[in-house]
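Let's take a walk through this model together. Have the viewer open and follow along as we go.

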Amino acid sequence: MFERDNYSEKKYGADRGEDEGSSNRRSFHRKKVCRFCADNKIVLDYKDVRLMQSFMLDFGTILPRRVTGTCAQHQRKLTVALKRARQLALVHYSESHNLIDSRF
């Protein structure tokens, strides 16, 4: 059948070209800090289009807290401001408006 030693080497990465010590290394992740708490000069305003677009993806979704690093209080205020900007057409609901199928 097969040898037990060859099976265990392939299973645990000895034969996959990995460094022996690389599996034990941890990468350093910097803690995300709320941009609005750190700098009191930045004011959340729905009329600031550049700031609103920096918290949105290209296809119109609002970036979550875990990505942006904003605190819960400012994330709620940011969401309200983004929705107001969408209502007043300052910010797009989605960047790509080509929803028509090009096959026809």
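**A helix and its surroundings**

Helices here are DSSP runs of H or I with at least four residues, numbered from the N terminus. A word on the ground rules: this is a predicted model, in which local features need pLDDT of at least 70 and side-chain atom pairs count only at pLDDT 80 or more, while totals for chains, interfaces and linings use all residues. Residues are numbered from 1 along each chain as its sequence is written, and side-chain values use heavy atoms, with hydrogens and water left out.

Back to H5: His-74, Gln-75, Leu-78, Ala-81, Leu-82, Ala-85 and Arg-86 are its buried residues, where buried means under 20% relative accessible area, exposed over 50% and partly exposed in between (1.4 Å probe, protein chains only). Viewed down the axis of H5, these residues fall within an arc of 140 degrees, so they line one face of the helix; the arc is that of the directions from the helix axis to the C-beta atoms. The face turned away from the buried side carries the exposed residues Arg-76 and Gln-87. The buried residues of H5 pack against helix H2 (35-38), H3 and helix H4 (65-68), with contact meaning heavy atoms within 4.5 Å.

What about disulfides? The count comes to zero, a disulfide being a pair of cysteine sulfur atoms within 2.5 Å. The sulfur of Cys-37 has its closest cysteine sulfur in Cys-71, 3.7 Å away, which is too far for a bond. Cys-37 is partly exposed, at 43% relative accessible area, and Cys-71 is partly exposed too, at 22%.

Methods: Helix = DSSP H or I, 4+ residues; strand = E, 2+ residues; numbered from the N terminus.
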